[in-house]
Structure formats: structure tokens, C-alpha cells
Amino acid sequence: MDAATPGDRERTVIDAGATAVQNPRVATPFRRLLAVTALLVAAGMPAAGCAPAAPAAPAATSCDPGALPTLTAGTLTVGTDQPVYPPWYLDDDPTSGEGFESAVAYAIAERLGYAREVVSWVRVPFNAAIAPGPKTYDLNLTEFSISAERRQAVDFSSPYYDVAQAVISVEGNPFAGATTIAELKGARIGAQVGTTSYQAIVDQIAPDTEPAVFNTNDDAKLALSNGQIDALVLDLPTAFFVTSAELDGGVIVGQLPAGSGTPEQFGAVLDKDSPLTACVSEAVDGLRADGTLDALEQQWLASAGAAPELR
């Protein structure tokens with residue numbers, strides 16, 4: 001073995017309290033490798049043999065009162081249809097706090113830290129409110145039933161009301177006295193477009209005649225009054241209000257069976273993947289837990305009463 005020259009002799013290097021043995025002919029390329037690695041890391045590129053860093057997870061939205069990333073800073077924008085009807089809203093005025101959904105909207109806002117004076121309302125047609133795409137509201141309360149199909153386009157909050165669908169008619173109509181679903185097969189039945197009331201006609205009644213579709217419940221009620229249809233399907237509280245206050249000779253034929261599994265439920269609609277969804281659901285859950293939803297239901301919906309179930 002040849003003797004090492006003085007320049008080749010190993011030397012001891014002290015670094016941060018650790019002792020290592022280093023050969024000068026190895027140290028120089030090693031330093032170059034370190035320099036290249038540092039440049040790659042600075043440029044955001046993974047060095048050879050190093051796994052790329054995982055992207056940082058997006059920060060969760062804080063539900064701190066009044067601090068949500070709403071469409072307009074410091075304001076909570078609530079959407080609803082036009083017109084809107086009792087007992088959900090009174091006098092087509094969602095800002096009043098009168099009616100079940102108006103009251104629920106303000107209760108949610110209060111839970112989120114938004115005082116009544118910083119709650120703004122916008123009107124959005126029913127179908128447009130649940131269509132894909134950016135929304136003009138932070139949340140929308142218009143008797144929207146939660147469904148898997150709708151979840152593909154929008155988010156829903158936790159449910160704030162369990163729904164029953166009912167069939168109404170007018171005195172003198174041959175179908176007004178029906179007691180079973182089978183007796184309604186020959187009826188001309190209508191509902192507002194895009195609603196679960198329409199879907200209930202198709203799925204539960206399956207009439208011989210294709211259901212009539214209307215842009216609004218006002219149009220549907222007019223068609224029923226004029227004899228263009230024999231019956232109309234609405235959620236039960238609306239059905240009671242319409243037959244008692246808006247239709248001459250209006251009658252509740254009966255409510256459709258709830259079926260098995262999860263009942264039909266109303267939820268607030270939000271933009272798909274909205275950063276507000278979890279906070280709004282938390283607010284609704286809190287209103288259910290502290291009895292607020294029950295109290296508002298008793299105040300605005302209990303007077304609707306009950307209806308015989310169609311078999």
C-alpha cells in the first residue's frame with residue numbers, strides 16, 4: 001500500500017459539536033452536491049432521492065361570530081324565491097322575520113354572529129337557486145328538500161324541518177273525496193317545477209296523465225281554481241294555508257305516506273363546497289339542540305294541523 005501524501009491525509013472536522021472524518025478529495029464534490037440540492041429546494045423542486053413535500057391542507061373556516069368569508073364582508077346574504085308564501089314567509093316579505101323560514105333565517109344569522117341589520121335578502125327563482133354555478137346568496141331558505149341529486153350541484157345545511165307532502169283539491173271536484181292513492185290515478189295533478197312535490201306525484205301517485213308543471217304555486221293554484229287540474233301537491237303546511245286562506249272551497253284530500261328511511265327534510269342551500277356550510281350546519285344543529293326550531297315550528301306551523309294519510 002502506497003503511503004499517503006500530506007495533502008491526502010484525513011483530517012478531523014468539528015461541526016455543531018459533532019466530529020466527522022472527512023477526506024478533502026471527497027469533501028469538494030460533496031459540498032457541490034449540497035449546493036445543488038439547496039438550489040433545487042429553493043426553486044421548489046425535489047432533490048434527487050427526496051419525496052416532494054405534500055401540499056398544505058387548506059385552513060378550515062373559522063365560525064367566529066360575524067367573521068365568515070361571506071359574499072359581502074360583514075353581511076350575511078340570504079336568498080329566497082319570489083313570491084314566497086305563508087306559513088314560511090308572511091306577505092311575501094322575507095325581511096320581516098314573520099313566518100317559519102324567515103324566523104329560522106334570522107335565528108341562523110344570530111348564531112353566526114350577524115345582527116338583523118346586517119342580514120341582506122336577494123330573490124332567486126326556485127330552479128336557479130339550486131342550479132350549478134356561483135350563487136348570489138350565502139344561504140337560501142325556500143323549502144328546499146335535501147336530495148342526493150341536488151347535492152351534486154349545491155351544498156345543504158343540516159335539516160331544519162321534516163316534510164310531509166299533501167294533495168289538495170276543491171269542493172265539487174270528483175277527486176276531492178279520494179281516500180287512497182289508487183283513486184287519484186285518473187286525476188290531472190300539478191305541482192311547481194323542480195319541486196319534490198312534483199317528484200312525489202311521479203313516484204308515489206304515478207297518475208295516468210303526465211303531471212302538469214307550473215312556474216310558481218300561484219300559477220298552480222289558478223289552474224286548480226279554473227278546473228285545468230283536479231289536484232295540486234304541496235308540502236303539508238302550505239297545503240293547509242292554501243286551502244284555508246287562498247282557495248275558494250279548497251280541501252285537503254290527504255297527505256302522502258312518508259315511506260321508510262330518512263324523512264324528506266328541508267335544508268338551507270349553499271354554493272357547492274361553500275366554506276360556510278359547516279358553520280351554517282353547526283348553527284342549525286345548535287338551534288335544534290336548544291329547542292329554538294321546535295319553538296318556531298309551534299309558533300308558525302302547528303296551526304296547520306293534521307291530514308288523513310292516503311293509502
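Tutor: Let's start with a term: helices (H or I, at least four residues) and strands (E, at least two) are DSSP runs, numbered from the N terminus. This is a predicted model, where local features need pLDDT of at least 70, side-chain atom pairs count only at pLDDT 80 or more, and totals for chains, interfaces and linings use all residues. Residues are numbered from 1 along each chain as its sequence is written, and side-chain values use heavy atoms, with hydrogens and water left out.

Now the pocket itself. On a 1 Å grid over the protein atoms alone, where a 1.4 Å probe fits, a pocket is an open set of points with protein on both sides within 12 Å along at least five of seven lines, and lining residues have an atom within 4 Å of a point. The second largest pocket holds about 240 Å³ of space, a volume being the space filled by probe spheres set on the grid points, which are joined across faces, edges and corners.

Its lining consists of Ile130, Ser147, Glu149, Arg150, Ala153, Gly194, Thr195, Thr196, Tyr198 and Gln199. Two elements, helix H4 (148-151) and H5, each give two or more residues to that lining. H5 gives the most, with three residues. By class, the lining has three nonpolar, five polar and two charged residues. Here Ala, Val, Leu, Ile, Met, Phe, Trp, Tyr, Cys and Pro count as nonpolar, Asp, Glu, Lys and Arg as charged, and the others, Gly among them, as polar.

H5 (residues 196-205) also gives the most to the lining of the largest pocket, with five residues. That pocket has a volume of about 370 Å³, and Thr196 is one of the residues nearest its centre.
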